[in-house]
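Hi,

Here is the structure I promised to pass on to you. Have a look at it first, and my notes follow below.

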Amino acid sequence: MSARDSILGKIRASMGSPASNDDRRRTVADRLGSAPAGIIPERAKLAEAERIELFCAMAEQFGATLARVGSYGEVAGEVSGYLRDRNLPATIRIGADKRLKAAGWETEKNLELRHGPSDGSDMTGVSHATAGIAETGTVAMMSGQDNPTTINFLPEHHIVVIKAGDIKGDMESVWAMVREKQGKGEMPRALNLITGPSRSGDIEQTILLGAHGPRALHVIVVD
Amino acid sequence: MELTANKFKANASKALVDAQLQKALGNVEKGFIGKRQKAADALPEFDALRDNARDIKNHTLAHLDLYLEEYERKVTAAGGHVHWAQTAEDARRIVLDICRKANARTVTKGKSMITEEIALNDHLEANGIEPVETDLGEYIIQLRGEHPSHIIAPAVHLNKEQVEGDFRRVHTHLASERDLSEPVSLLSEAREVLRQRYFAADVGITGANFLIAETGSSVIVTNEGNGDLTQTLGKVHVVVASIEKIVPTLEDTSQILRVLARSATGQDMSVYTTFSTGPKREEDPDGPDEYHVVLLDNGRSAMLGTEYQDMLRCIRCGACMNHCPVYHAVGGHAYGSVYPGPMGAVLTPSLNGIDETGQLPNASTFCGRCEAVCPMRIPLPKMMRHWREREFERNLTPAVARYGLKAWAFFAKRPKLYRFAASLGMPLLSLFGGTSRRFHALPLAGGWTRYRDLPAPEGRTFQQAWAQREALKQEAGH
Amino acid sequence: MTSSETKSVRQPRVGLFATCLVDLFRPSVGFASVKLLQDAGCEVHVPVAQTCCGQPAYNTGDRADTREIAEQVIEAFEEFDFIVAPSGSCASMLRKHYPCLFEGDTAWEERAKAFSAKCHELISFLTDVMMVRDTGAALNARITYHDSCSGLRELNISEQPRKLLGNVSGLEIKEMTDSHVCCGFGGTFCVKYSEISNAIVTKKVGNIDASGADMLLAGDLGCLMNMAGKLKRQGSDVEVRHVAEVLAGMTSQAPIAGSGK
């Protein structure tokens, strides 16, 4: 007997004689199909303006910095300003996301854009979030050419651009978006929920930012 | 690791006089308890979410075979491979085979208790493959040749001076006059050293906090980002996870995520919650070429349908040990097993047998704080008691305790005899207590009087005094 | 049954389960319990066929002996309207754990459940069932209260003793740090793992001392003897008493430990 059959057999044997396997299969198919939502915290249930406010407040509470701009055309200026304020080199790593293409880079003559995944040599990466979660100030990132996963983790500074309208109240609303994009039951190769910059408390329980991932997370909300 | 669970008492004795350890253990209470309470208080739905999380896992365990089949189907459809391992040995062999096929010389590892359980690092090393732990705490203890003393804070038993010593000993390529006096400089150094290792590694191995049947995704929940680098930069990503990590849907995962980080570190969300589904796709610029999941049983299926089934709801948040007075006193290594603290006291006997681990479920005051904070509402004291019952049935309870108990039970079951013996014994004991009304030492009570006085009894027993009072009242009434 | 109903019909008949530690070591707590119950309007009985609730056997894994003891306790006490014990852990044993002992034995399980539903810890019985707000006691003391684990976590006893103590005239409550953390007693734990128990009670005694109180109260004699023993060994003057003694205004008996100076 294969290990698989043996393990599954032991699991079935432990149940004694379950009522009916057809019933159990139906129960499982129903749950997988309907994906019931469970308890959604009240604090996530807000109208759009308050939801965006909560998202910004939570993201800052968990160590991100925040900027709000009026349009995609202002993103490049905000990025340049961020780099200048921190004395960072005027070079960013960026994927192929179309929304980022229209971010007004042409106005920032000194800014160098490197395209494609990060190779670990980048000081700053810029990516576009699929969605935001106001409940916890979290950004949701999907892998792919548009926003390579390595940009989320290798640069010292990670700048995430998010459209205000993509900020949802809760995680469950993000799953609805993902299902719309990918199809029910399908996921991108990697989906990263990111809440604040990388950190560790492994030495004497002292919380320090910038463990292995970015030392800083800067979120730009585009209204 | 070598199982020394039944040397718990000796291990604990050493721990209690280890000044370094005692200093570090102060950080457990300082670091975790208040933060968890604050996070729980800030979410009015927290307790309702705990109930729901418990129900989700109970539902999953009742349909585990079917969810595992669906999970496997989805992983395969996404281009991943599922390997089933009945034992730790099977899992080690499977992982080694994958590494060998990838011609791996070094593998990076995200923090995972399951690879501790199967002693994967030793096996890889013995076969010429270097495992590199990348979680800061795991990295530190790997340098020291130790095992985690806590399931989410593996190096919580250490102080920064000890870490500095280890870094100076191992990172000999760095300037000796560098300043490593602060945790932040230690963190930076580990970051620099490990960065190179991610790129050099052929295989990245992680555990999983959840396996999602609906999508075939594995989920890791971390703060440092090392797990993500491990699973993104290696050519091959191997997930090692036990069968009870399954949850049905993304929504179910979200429910449990809401209680996980709050219970563990007091965060609303950990920094990185990553859902991985299969290997790199055609249009992907990054990610692993191969994606493997090793599904480990190692005794779990035998817990189903028994009084220990509830333990399979455990999500490894560490709240039970963070709140355990015994853990606070002796730390995680004293338990002499992979999983310390209350959850370990229940799980370890299931994995290793009660004969070799009987000390662990006994080493509890049953204060119940573990159960009170468990996000999955696992009745840990009750299950520890069940292990004591198994032990008692099998005559594994130490003879002194057994006979002492039997002698006591003999009287407890015979009220008349009990009253008689007590009416003789207590006045005597009271008399011997003298004017100080206490005992500094008493035969057969050494465990008590070594550390504290025994308050002397008042004299007559309550029942004697009560009977006398009632008799006087009756007389007065006549 | 509300207290007004019981008073108009008849006094509730209460069986006092004194607990073995009170019986052997601290009869004063038994008499204090009787007084508190009688003052609250109960008719109090002390059945002679009582020894211990069975916890030592239960927590050592000796289910057979535990069950025999439980049967004996149920038989001796089930005739009463209420069964009250001046101990959170014994009351919890009677109330929460007895039914588990008879799982699968339908007749006994029902009987145990009916019995358990009538079992209460003394202080919470006074406040929650008899609706006592003030016991009329007076004591000039600064006390600190330790929450014993079983009472706190299995029976939710926390506010009840503090409310009654708050109404004792002249008494001031000085909360200690971590009053809800275990004292390290744990029944047989304190002798089986005496070194660890000592580490835990040492921490507890430090918190008691730091509270600035001159009297320590708790609702469980096991915990009290453990803390009293440690305080005494360390030469502390903190006076140690069961909460019932203070609430009943019966503090003439020498304390379990300490002089209160």
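Helix α1 (residues 8–16) of chain B packs against helix α12 (residues 194–210) of chain C at an angle of about 35 degrees, their axes 9 Å apart. Helices here are DSSP runs of H or I, at least four residues, and strands are runs of E, at least two, numbered from the N terminus. Axes are lines fitted to C-alpha atoms, for helices over the stretch in contact, and angles run from 0 to 180 degrees between N-to-C directions. B:A12, B:S13 and B:L16 in α1(B) meet C:E195, C:I196 and C:A199 in α12(C), where contact puts C-beta atoms, placed from the backbone, within 7 Å.

Please keep in mind that this is a predicted model: local features need pLDDT of at least 70 and side-chain atom pairs count only at pLDDT 80 or more, while totals for chains, interfaces and linings use all residues. Residues are numbered from 1 along each chain as its sequence is written, and chains are lettered from A and ligands numbered from 1 in the order in which they are written.

The contact as a whole takes 51 residues from chain B and 58 residues from chain C. On the chain B side, helix α20 (residues 399–412) gives the most, with six residues.

There is also an open sheet of eight strands, in the order β8(A)-β5(A)-β6(A)-β9(A)-β9(B)-β6(B)-β5(B)-β8(B), with mixed pairing; strands pair if DSSP finds at least two bridges between them. Its edge strands are β8 (167–168) of chain A and β8 (246–247) of chain B. Strand β5 (residues 210–212) of chain B runs parallel to β8(B), over two bridges, and B:L211 has B:I246 as its bridge partner there.

Best wishes

How values were computed
Two residues are in contact if their C-beta atoms, placed from the backbone, lie within 7 Å.
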